[in-house]
Amino acid sequence: MSVLLETSLGDLVIDLEVDACPKTCENFLKLCKIYYFNLNAFFNVSKDFLAQTGDPTATGTGGESIWSYIASGSPSNSESSVSRYFEPEIRPKLKHATKGTVSMAVAPALEGHKGGCGSQFFVTLADNIDYLDGKHTVFGHVVEGLDTLDKINEVYTDQDGRPFKDIRIRHVVILGPDLFLPASETSLDICATDDPFPDPDGLIQPPSSPTRPPDNSTRIAEDEDPLATLPEEEEERIRREKAAAASALTLEMVGDLPFANVRPPENVLFVCKLNPVTRDEDLELIFSRFGVIMSCQVIRDKRTGDSLQYAFIEFDKREDAEQVEHQEFVLLGAVFLTSMILFSQSVAKLNTQWSNDIRRDSKPPKRSIGFGGRDDLEKTRLYRDEDDTSRRHGGHYDMVFDVSGSHGHRRKRSRSRDHYDARDGRKRRSRDN
């Protein structure tokens, strides 16, 4: 009876000692059948010694036998009736003499609970490790994949033996006596008839293998290459996206954007590099051939009325705006004087403070519904009624927690103190004289 472990560093084929250690092999096979070992990490790797796995928590303290697993999920059985571990099957003739020996880890007895074997197991990475003989149950040997063991033996680990880059068991396949079955036939269903042990009562095989690791690892993922580099074009694209996101956040903080992830209207074009003498009527005359224009506005300085050489053109349909977007041409004539016009999209039209009317008061208008051109947004205010110009002319702002009459009283005290200081100063000067 054999089991194929597909790891992130290669495959391991393990021959099981079914006759010598039947209980251990039954526990191992049934755990494989319920995908218990799938995506488990090798959490303890000691160079030229062993590689340990089989703990879903990857801490060295987790794992349980198949009988404890069934009992914990069955409402009819209490957890205390079935022990978490079972007695190790120590066989003196089975020793850790060769590299690739597979043995069960033995949990110590703690707080009155009996220790023994659960789900954790390890594979030796060197020959003649006599230290482990008589202490751990040898229940298998690696017959294929010794090169995979060499790769595991060379990984970099921390001071606790945990690899910096995760090594995981991606999949487990139970093989029958015939190891030369086609790959399409080596599945749990085909080989179920070759299982020498009947399923325990209450064993339910999951419909599919897990897709996420059971532990919360913060190490380098087993399918991640920390030294991999992206193409230059991809790195430039990512850099530009990050720079744009940072700029948008800055504009949101200073109030130029209602929120950082705002998107420009798809039917509004932002036109730049205009000739200073270009008027709204000129742009509307030229671009009306692409579709119906709802509004056409050249942005001007509020004080002087001079053109800022950019404008917004709002079409009725998005398709009309897409016809002229990303185009570039030179307009010849007495009005444009060979100026170049570029087209793009912008969210600047959401700012309601701009206007072509130079006679408009430079002060911001009274508070209206919405903010930034959107009815569902509201401008953040530090004071109550800060848009009320009648109160602002008085020089007072209502705080969030205001006290009636506090402004006048405070001003009165300040004047009296200044008057007293002035008189006191005159008295002192007269005494000095």
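Author: Happy to! This is a predicted model, in which local features need pLDDT of at least 70 and side-chain atom pairs count only at pLDDT 80 or more, while totals for chains, interfaces and linings use all residues. Residues are numbered from 1 along each chain as its sequence is written, and side-chain values use heavy atoms, with hydrogens and water left out.

Side chains of opposite charge can pair when their charged atoms come close. The structure holds 19 salt bridges (a side-chain nitrogen of Lys or Arg within 4 Å of a carboxyl oxygen of Asp or Glu).

Let's start with Lys114 and Glu87, whose side chains meet at 3.2 Å, N to O. This pair links distant parts of the chain, 27 residues apart: Lys114 sits in the loop between β5 (101–107) and β6 (116–124), and Glu87 in the loop between α2 (66–73) and β5. Helices (H or I, at least four residues) and strands (E, at least two) are DSSP runs, numbered from the N terminus. Lys114 is exposed, at 55% relative accessible area, and Glu87 is partly exposed, at 47%. Here buried means under 20% relative accessible area, exposed over 50%, and partly exposed in between (1.4 Å probe, protein chains only).

Next comes Asp166, which forms a salt bridge with Arg162 at 3.2 Å, N to O. Asp166 is buried, with 6% relative accessibility, and Arg162 is buried too, with 12%. Both belong to a network of salt bridges that links Arg162, Asp166, Arg168 and Asp215.

Finally, Glu236 pairs with Arg240, their closest N and O atoms being 3.1 Å apart. These two lie 4 residues apart in helix α4 (residues 232–254), so about one helical turn separates them.
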